[in-house]
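Dear colleague,

Please find below the structure that I promised to pass on to you. Have a look through it first, and then read on for what turned up when it was examined.

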Amino acid sequence: MALAWPNKRRRAPHAPGLEWRPMSTTADLVTALKKELKAAHMTYADLARELGMAESSVKRMLARGDMPLSRIDAICRALKIDFAELAQRVADAQPLLKELTLEQERAVVADEKLLLVATNVLSQWTLEQMTAAYRLTEAEVVKYLAQLDRIGVIELKPLNRYRLKLAKTFRWRPHGPVMQYVREHAVLDYFSGGFDGPAEGLLLVHGSVSRALAPAFLERLQRVAQDFAQQHQMDQKLKDADREGYTLLLGMRRWEFAAFARMRR
């Protein structure tokens with residue numbers, strides 16, 4: 001199911017954000033240092049001379065993958081790179097998340113304003129766009145962006161810009177806190193519409209198809225969702241007056257109306 005949150009404004013109780021953030025381990029930093037040494041064509045012997053150490057000690061230190069940050073900093077100086085730059089490269093190399101943990105989702109859904117900002121960052125909205133569209137102050141948006149950074153959804157950058165840490169295939173957990181919230185608060189609201197406006201439509205198709213072919217239909221639906229998301233990204237350069245907010249909701253499951261199922265033999 002692909003979901004873009006409806007443009008609804010709701011009052012939200014305050015709930016603290018989850019203090020969680022995946023950290024770069026020393027082993028990650030050492031691995032990155034090895035790559036930098038190779039890229040710089042610097043041998044262990046060269047590094048040993050720069051550090052004033054024996055080559056055997058340098059080999060042993062890097063092989064263990066564990067060393068004090070002061071030593072990592074010294075190696076960075078030898079490579080003429082900044083420690084912050086190394087840490088950034090480690091962060092950029094981390095695999096993108098295909099889904100959040102239950103704990104992370106609970107933190108996101110605990111505050112509706114945080115959920116709103118989370119939904120907006122999934123659509124790559126800027127801080128300015130959020131404050132223009134919703135009754136959120138700049139300070140509130142910054143606070144929620146910081147919470148999403150701690151949770152692990154984004155990496156907050158200078159000037160309140162951010163980088164999503166989610167894969168293109170990201171989805172909310174099918175039975176997780178966010179989708180449960182959607183079922184309770186959004187689904188009926190969504191389907192109560194007439195779907196009779198410009199570029200609107202609601203299709204209900206039922207049929208029996210080959211079990212072997214059913215996954216292919218789901219893949220096609222997923223491609224439609226990806227096309228929609230990519231078009232959203234491309235159209236960000238257009239003026240606001242030339243864009244309209246749409247919510248695409250796709251689903252496919254083995255299902256029969258409960259009223260029909262009760263009549264089965």
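The protein chain exposes about 17800 Å² of surface, and carbon and sulfur atoms supply 55% of that area. Please keep in mind while reading that this is a predicted model. Of the 265 residues in the protein chain, 30% are buried, and the secondary structure comes to 13 helices and 2 strands. If you consider the contacts with a separation of 6 or more, residues 24 or more positions apart account for 68% of them.

In soluble globular proteins, nonpolar side chains tend to be buried together. Here the largest nonpolar core holds 32 residues, and those that touch the most other members are V108, V117, V121, L145, L148, V153 and I154. At least two residues of this core are supplied by each of α6 (102-109), α7 (112-122), α8 (127-133), α9 (138-151), β2 (162-164) and α10 (177-185), with the largest share, 6 residues, coming from α7.

How do helix α2 and helix α4 pack against each other? Helix α2 (residues 44-51) and helix α4 (residues 69-79) meet at an angle of about 110°, and their axes are 10 Å apart; because angles of 65 to 115 degrees count as roughly perpendicular, α2 is described as roughly perpendicular to α4. On the α2 side the contact is made by L47, E50 and L51, and on the α4 side by R71, A74, I75 and A78. The residues of this contact divide into 5 nonpolar and 2 charged, with no polar ones.

Finally, two backbone details deserve a careful look. Most residues other than glycine have a negative phi. K80, however, has a phi near 60°, a positive value in a residue that is not glycine, and it is found in the loop between α4 and α5 (83-93), where K80 is exposed with a relative accessible area of 73%. N160 likewise is not a glycine and yet has a positive phi of about 60°; N160 is found in the loop between β1 (154-156) and β2, and is partly exposed, with a relative accessible area of 22%.

With best wishes

How values were computed
Residues numbered from 1 in each chain as written. Predicted model: local features only at pLDDT ≥ 70, side-chain atom pairs only at ≥ 80, totals over all residues. Heavy atoms only, no water. Core = buried A, V, L, I, M, F, W, Y, C linked by side-chain atoms within 4.5 Å. Buried < 20%, exposed > 50% of the residue type's maximum accessible area, 1.4 Å probe, protein only. Helix = DSSP H or I, 4+ residues; strand = E, 2+ residues; numbered from the N terminus. Axes fitted to C-alpha atoms, helices over the stretch in contact; angles between N-to-C directions. Parallel < 35°, antiparallel > 145°, perpendicular 65-115°, else oblique. Contact = heavy atoms within 4.5 Å. Nonpolar A, V, L, I, M, F, W, Y, C, P; charged D, E, K, R; others polar. Areas by Shrake-Rupley, 256 points an atom, 1.4 Å probe, with all protein chains shown as cover.
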